[in-house]
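Hi everyone, and thanks for coming.

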Amino acid sequence: MQKLLMTTTVAMALGMAVGAQAQDAAKLAQDKACLACHQIDKKLVGPSYKEISKKYTGNKGAEALLIKKVREGGVGAWGQIPMPPSAGVNEKEALILVKWILSQK
Ligand code: HEC
């Protein structure tokens, strides 16, 4: 619960800065090798970021859920190919990435 609260607080604090961070986020996605499996508007190994954004539109829990998924990996939301855990991504970076992904339209 405390962790969730913290995530929410960080999310709110970062929310306003996100526009300016879009470019940083794209670079982060590249640096963290997310783009090896994801493209913005085309399915690759994983779903496209536009598809992900569409799927979670209106889902208030999406940020927390996806931050966890980015850091710990998982399978079954999109099919049988698992997403590996991204050990080199900290909570703040995961939040920047998730906000960026969810802002793709
Ligand atoms: C080795 C390939 C691979 C890499 C690298 C990878 N992903 Fe994924 N990603 C996947 C696959 C496959 C799925 C679908 C998993 C599923 O069906 O649950 C996925 C799903 C996702 C989802 C949607 C999760 C859900 O539950 O709907 C997000 C968000 C995501 N990835 C973000 C990232 C980010 C950010 C990075 C970089 C830190 C990253 N991915 C790196 C393969 C990858």
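I'll begin with the overall layout, then turn to the helices, the core, the ligand and a few single residues.

First, some ground rules. This is a predicted model, so local features need pLDDT of at least 70 and side-chain atom pairs count only at pLDDT 80 or more, while totals for chains, interfaces and linings use all residues. Residues are numbered from 1 along each chain as its sequence is written.

What does the secondary structure of the chain come to? We have 5 helices and 0 strands, and along the sequence the pattern reads α-α-α-α-α. Helices here are DSSP runs of H or I with at least four residues, strands are runs of E with at least two, and the numbering starts at the N terminus.

I'll say "buried" a lot, so here is the meaning: a residue is buried if 20 or more other C-beta atoms lie within 10 Å of its own, exposed if 12 or fewer, and partly exposed in between, with C-beta atoms placed from the backbone. Of the chain's 105 residues, 21% count as buried. As for contacts, two residues make one if their C-beta atoms, placed from the backbone, lie within 7 Å. Among contacts in the chain with a separation of 6 or more, 61% join residues 24 or more positions apart.

Now find helix α5, residues 91–102. Its 12 residues reach 16 Å from first C-alpha to last, close to the expected 16 Å; that expectation is 1.5 Å times one less than the number of residues. Is α5 mostly covered or mostly open? It is mostly covered, with 10 of its 12 residues buried. Among them are Leu95, Ile96, Trp100 and Leu102, and also Glu93 and Lys99.

Next comes helix α4, where the buried residues are Glu63, Leu66, Ile67 and Val70. They sit on the same side of α4, because they cover an arc of only 105° around the axis, taking the directions from the helix axis to the C-beta atoms. After α4 comes Gly73, with a positive phi near 80°.

Ala94 belongs to helix α5 and counts as buried because it has 22 C-beta neighbours inside 10 Å. From Ala94 to Ile67 is 5.4 Å, C-alpha to C-alpha, across 27 residues of sequence. Leaving out residues up to four places away in sequence, Ala94 touches Ile67, Val70, Arg71 and Val89.

That brings us to the core. A nonpolar core is a set of buried Ala, Val, Leu, Ile, Met, Phe, Trp, Tyr and Cys residues joined through C-beta atoms within 7 Å. The largest one has 17 residues, and Ile67, Val70, Ala94, Leu97, Val98 and Ile101 touch the most other members. Two or more residues each come from α2 (18–31), α3 (49–55), α4 and α5, and α5 gives the largest share, 8 residues. Leu97 touches Ala25, Leu28, Ala29, Cys34 and Val70, again not counting residues up to four places away in sequence.

How many residues surround the ligand? There are 26, and the closest are Cys34, Cys37, Gly46, Trp78 and Met83; here a residue is near if its C-beta atom, placed from the backbone, lies within 6 Å. Helix α4 gives the most to this shell, with 3 residues.

Ala33, in the loop between α2 and α3, has a positive phi of about 65° although it is not a glycine. Ala33 is partly exposed, with 13 other C-beta atoms within 10 Å. Asp41 is in the loop between α2 and α3 as well, and it is exposed, with 9 other C-beta atoms within 10 Å. Beyond its neighbours within four places in sequence, Asp41 is in contact with Ser48 and Lys50.
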